Amino acid sequence: ECVSGCVCPEGLFDDGRGGCVEEKDCPCVHNKQWYSSGQKIKVDCNTCTCQKGVWSCTEYTCYGTCMIYGSGHYITFDGKFYDFDGSCEYVATQDFCGDKESSGSFSVITENVPCGTTGVTCSKAIKIFLGKTELKLENKDYKEIQRDVGDDVRYGNRTVGLYLVIEASNGMMLIWDKKTTVFIKLTPDYKGKVCGLCGNFDDKLSNDFTTRSGLQETNALMFGNSWKQSSMCPDVTHEIKPCDKKPHRRSWAEKECSIIRSEVFEICHSKVDPKPFYEACVHDACSCDSGGDCECFCSAVAAYAQECTKAEACVFWRTPDICPIFCDYYN
């Protein structure tokens, strides 16, 4: 039977846009978007070029990034997204792992305190141990303490826009927004050599919940409890659901956070899944009920915007009404 339709003449190929091209001009697809032959895209720190319908990429090894933000949200170096609300000091990441004799060059401790009345916690202060130097980041400022033990590890600090950046000579960088968001970046030399709430940076999601004793957990609470610094802190026994405790805030939280799912971020939806960021936003907007609720909401949306920027989807979402930033002041 005859079926009406269009086909390309012999020797030419469908270009996905209703035209026919030679094989050398075939387009490539990335995240459901079409790219013409010769076009380049950035994927993390690598550049990929479309050649005859196939991507050809550089093979640099990239910095790993761990993100801690809002009320207990973690994205590990390997990209695992989970929540953990504990009121204590916890090891975010360190290279003192494995046998007791191993010597490491750094440790990052996050001090989590309750924010709001529902029991959720935020990262209030950060301690960085670099050899014999201890840095404490707290109240929008940092101070240095010299200890008697350890090696000399050089570091520098600078302010970039909203962020304080600490960069150490051992390949560790920390970026702090002076509120509740912190990014820890490590060079590829640390792959598989770190441990803590940020996971082990070995490019596998499945084993990120490795406890202090080296066991693999499936439960975020058991995993998080194993990394507390003091045995005096109570273990976290159940996940806190602030919207259930404060149901009157849920509709406000869902309305505000809907910006993440809206057309404002449409360019990013195919590149970074908005679902976990939307849920984290609603969680935070419900929980920050003792002032600062807008700050919690803004940090949650900014976290999604940050991941979008990494995926080459730049979104201008701040307005005079939604989380404005006075750029003139910060410049």
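**Burial and charge pairing in the predicted model**

At a relative accessibility of 16%, Lys136 counts as buried, since burial is assigned under 20% relative accessible area. In this predicted model, Lys136 forms a salt bridge with Glu138, and the closest N and O atoms of the two are 3.7 Å apart. Glu138, for its part, is partly exposed, with a relative accessible area of 24%. The pair belongs to a network of salt bridges in which Glu111, Lys136 and Glu138 are linked.

The chain in which these residues lie has 331 residues, of which 45% count as buried. Its secondary structure comprises seven helices and 19 strands, and its C-alpha atoms fill a box of roughly 80 × 50 × 45 Å when taken along the principal axes. Of the contacts between residues at least 6 apart in sequence, 47% join residues that are at least 24 apart. The protein chain exposes about 17,900 Å², and carbon and sulfur atoms supply 51% of that area.

The protein chain carries 36 positive and 48 negative charges, whose mean positions are 3 Å apart, and a search of the whole structure finds 14 salt bridges. Side chains of opposite charge can pair when their charged atoms come close. Arg250 takes part in two such pairings: with Asp244, the closest N and O atoms are 2.9 Å apart, and with Glu254 the corresponding separation is 3.7 Å. Glu254 and Arg250 are separated by about one helical turn, because they stand four residues apart in helix 3, which covers residues 247–257. In an α-helix there are 3.6 residues a turn, so residues three or four places apart point the same way. As to accessibility, Asp244 counts as exposed at 52%, whereas Arg250 is partly exposed with a relative accessible area of 31%, and Glu254 likewise counts as partly exposed at 33%.

Ten of the 13 residues are buried, so helix 5 is largely enclosed by the rest of the structure. The buried residues of helix 5 include Phe277 and Tyr278, the run from Ala280 through Cys281, Val282, His283 and Asp284 to Ala285, and also Cys286 and Ser287.

Notes. Residues are numbered from 1 along each chain as its sequence is written. This is a predicted model: local features need pLDDT of at least 70, side-chain atom pairs count only at pLDDT 80 or more; totals for chains, interfaces and linings use all residues. Side-chain values use heavy atoms; hydrogens and water are left out. Helices (H or I, at least four residues) and strands (E, at least two) are DSSP runs, numbered from the N terminus. Buried means under 20% relative accessible area, exposed over 50%, partly exposed in between (1.4 Å probe, protein chains only). Contact means heavy atoms within 4.5 Å. Accessible areas come from the Shrake-Rupley method with a 1.4 Å probe; for residues, only the protein chains shown count as cover. Lys and Arg count as positive and Asp and Glu as negative; His and the chain ends are not counted. The place of a charge is taken as NZ of Lys, CZ of Arg, CG of Asp or CD of Glu. A salt bridge is a side-chain nitrogen of Lys or Arg within 4 Å of a carboxyl oxygen of Asp or Glu.
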